[in-house]
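Subject: Structure handover

Hello,

Here is the structure I promised to pass on. Please keep it open while you read the notes below.

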Amino acid sequence: GVFGVALSTVVLPSLSAKRAARNEDQFKSTVQWGVRMSLFLSIPAATGLCVLSGPLIATIFLGGNFNTQDLYMTQYSLMAYAFGLIGLMLVLILASAFYARQNTKTPVKFGLITMATNAMLSIIFVSVLLSKNISYPHIGLSLAFSCSTLLNAFLLFRALYQEGIIKLDWDVIAFLIRVITATAVMAIFLIVLSPDLSVWIDQALDQRVKHLLLLIPSAVVIYSIVLFCLGF
């Protein structure tokens, strides 16, 4: 998320300069680059955050007044929130393409649609979970946020695609296939090597920290190696 903000901060003035110089080709190229960078980082980050949600929460918060029940409640929320990170990073880049062209109306319109959708989905998801006697109905709020954020990204992307600013060709599809494949391999690695959550709970804090410091960098290395092997 921090990187997404930094990326959009870099992209916006670059897009504005290219727009002012009427260099449409470089404008489109910069938008495409920003979208690719967002996907390159957000897809594995969201997946890793989801897979390691329990261990991360246990390491950072478990202890004192924060008990095991709190851990599970927070873990499920984080899992539902995680994939909203993809939409959030995309929105930061895609909205910049509109702002650089002095079009604030479209992002605001889509933002209002997103807010309404978030409110509606929150009510629906929580109501459904409560009706089924699910122990953690608050997950519906997190899930609604992620879905509405992805909707916002989709609306912005579709508008730019229709205007010819963004294109969907084989290069883009091949890029996505590589990123998703590398992310899948990374996720399998984390699932196989990360012990059950009950083991994390029983471990001392220093053991949890050491375990995470081993798993997370290893996952980054595996993601990078698989991408390299796929010709990235």
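In which helix is serine 142 found? Serine 142 lies in helix α7, residues 139-162. Before more of that, two words on the source. This is a predicted model, in which local features need pLDDT of at least 70 and side-chain atom pairs count only at pLDDT 80 or more, while totals for chains, interfaces and linings use all residues. Residues are numbered from 1 along each chain as its sequence is written, and side-chain values use heavy atoms, with hydrogens and water left out.

**The chain as a whole**

The protein chain has ten helices and zero strands. Helices (H or I, at least four residues) and strands (E, at least two) are DSSP runs, numbered from the N terminus. The C-alpha trace spans about 60 × 45 × 30 Å along its principal axes. Of the 232 residues in the chain, 42% are buried. Buried means under 20% relative accessible area, exposed means over 50%, and partly exposed is in between (1.4 Å probe, protein chains only). Now take the contacts with a separation of 6 or more: residues 24 or more positions apart account for 77% of them. Contact means heavy atoms within 4.5 Å.

Beyond the neighbours within four places in sequence, serine 142 is in contact with Ser77, Ala80 and Tyr81.

How do α4 and α7 meet? The axes of helix α4 (residues 68-82) and α7 come within 7 Å and cross at roughly 15°. Axes are lines fitted to C-alpha atoms, for helices over the stretch in contact, and angles run from 0 to 180 degrees between N-to-C directions. The two helices, α4 and α7, are therefore roughly parallel to each other. The cut-offs: under 35 degrees is roughly parallel, over 145 roughly antiparallel, 65 to 115 roughly perpendicular, and the rest oblique. The crossing of α4 and α7 is right-handed. A crossing is left-handed if the near helix is turned anticlockwise from the far one by less than a right angle, and right-handed if clockwise.

On the α4 side, Tyr76, Ser77, Ala80, Tyr81 and Ala82 make the contact; on the α7 side, Ile139, Ser142, Leu143, Phe145 and Ser146 do. By class, this contact of α4 with α7 has seven nonpolar, three polar and no charged residues. Ala, Val, Leu, Ile, Met, Phe, Trp, Tyr, Cys and Pro count as nonpolar, Asp, Glu, Lys and Arg as charged, and the others, Gly among them, as polar.

Asparagine 152 is also found in α7. With 13% relative accessibility, asparagine 152 counts as buried. Its contacts, leaving aside neighbours within four places in sequence, are Val91, Phe110, Gly111 and Thr114.

Helix α6 covers residues 105-131; at 1.5 Å a residue, its 27 residues should span 39 Å, and its end C-alpha atoms are 39 Å apart, which agrees. The expected span is 1.5 Å times one less than the number of residues. Buried residues in α6 include Phe110, Thr114 and Leu121. The buried residues of α6 pack against α5 (84-99) and α7.

Glutamine 102 sits in the loop between α5 and α6. Its phi is near 60°, a positive value in a residue other than glycine. Glutamine 102 counts as exposed, at 73% relative accessibility. Just after α6, asparagine 133 takes a positive phi of about 60°. Most residues other than glycine have a negative phi.

The axes of helix α3 (residues 53-61) and helix α10 (residues 205-229) come within 9 Å and cross at roughly 140°. That makes α3 oblique to α10. The crossing of α3 and α10 is left-handed. Pro55, Leu56, Ala58 and Thr59 of α3 make the contact with Leu205, Arg208, Val209, Leu212 and Ile216 of α10. These residues divide into seven nonpolar, one polar and one charged.

Leucine 41 has its place in helix α2, residues 24-51. At 29% relative accessibility, leucine 41 counts as partly exposed. Leucine 41 touches Phe3 and Met89, not counting residues up to four places away in sequence. Leucine 41 and glycine 1 are 40 residues apart in sequence and 9.8 Å apart in space, C-alpha to C-alpha.

Best wishes
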